[in-house]
Amino acid sequence: MKNKTDLFKYRVAVGIVNKQLRESILINSKPMTMIYLNNDFQVKYGKAWNSGREETLPNTTLENIILLTDYFDLPIEKYFQKVNQVTTEQINSAIGNKEKLTKMYNQLFKNE
């Protein structure tokens, strides 16, 4: 990563992919909820998962990413391919749509 802004944007891209994975699973014809994933993850792996944080600005461990890819039956290589395919427009939209991310991004941008 060249700078903090690049790292911030990469983290946002990870969050976008985490949300896409969750929403790709339909339960009763509706996208899986955060609460459902949090509870199911806890039951399946005995480990807490906070979808709200992991879909906004994750700072997760590699272990958690490996568990998440196992949960969604996705090879880890494919996960990172998906992260790399997130567009600048998607990242900027995610930042702009969340007040907390906008504030954090603007603070980072001022410091560079």
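Me: Which residue is joined to asparagine 64 by a polar contact between side chains?

Reply: In this predicted model, asparagine 64 belongs to helix α4. Its side chain takes part in a polar contact of 3.4 Å. The residue at the other end of that contact is lysine 47.

Me: Is asparagine 64 buried or exposed?

Reply: Leaving aside residues up to four places away in sequence, asparagine 64 touches Phe41, Lys47 and Trp49. The relative accessible area of asparagine 64 is 10%. Buried means under 20%, so asparagine 64 is classed as buried.

Me: How are the axes of α4 and α5 oriented to each other?

Reply: Helix α4 spans residues 62-71 and helix α5 spans residues 76-85, and their axes come within 9 Å. The crossing angle is roughly 105°. Angles of 65 to 115 degrees count as roughly perpendicular, and α4 and α5 are therefore roughly perpendicular.

Me: How many nonpolar residues does the contact of α4 with α5 have?

Reply: From α4, the contact draws on Leu62, Ile65, Ile66, Leu68 and Thr69, while α5 supplies Ile76, Tyr79 and Phe80. By class, the contact has no charged residues and one polar residue. The number of nonpolar residues is seven.

Me: What is the distance between the closest N and O atoms of lysine 103 and glutamate 99?

Reply: Side chains of opposite charge can pair when their charged atoms come close. Lysine 103 and glutamate 99 both lie in helix α7 (residues 99-110), where four residues, about one turn of the helix, separate them. Both lysine 103 and glutamate 99 are exposed. They form a salt bridge in which the closest N and O atoms are apart by 3.2 Å.

Me: Is arginine 22 buried or exposed?

Reply: Glutamate 23, the salt-bridge partner of arginine 22, counts as partly exposed at 36% relative accessibility. For arginine 22 the relative accessibility is 6%. Because the limit for this class is under 20%, arginine 22 counts as buried.

Me: What is the relative accessible area of glutamate 54?

Reply: Glutamate 54 forms a salt bridge with arginine 53, and their closest N and O atoms are 3.7 Å apart. Arginine 53 is partly exposed, at 47%. Glutamate 54, by contrast, is buried, with a relative accessible area of 2%.

Conventions
Residues numbered from 1 in each chain as written. Predicted model: local features only at pLDDT ≥ 70, side-chain atom pairs only at ≥ 80, totals over all residues. Heavy atoms only, no water. Salt bridge = Lys/Arg side-chain N within 4 Å of Asp/Glu carboxyl O. Buried < 20%, exposed > 50% of the residue type's maximum accessible area, 1.4 Å probe, protein only. Helix = DSSP H or I, 4+ residues; strand = E, 2+ residues; numbered from the N terminus. Axes fitted to C-alpha atoms, helices over the stretch in contact; angles between N-to-C directions. Parallel < 35°, antiparallel > 145°, perpendicular 65-115°, else oblique. Contact = heavy atoms within 4.5 Å. Nonpolar A, V, L, I, M, F, W, Y, C, P; charged D, E, K, R; others polar. Polar contact = N/O pair within 3.5 Å; in protein donor to acceptor, adjacent residues only side chain to side chain.
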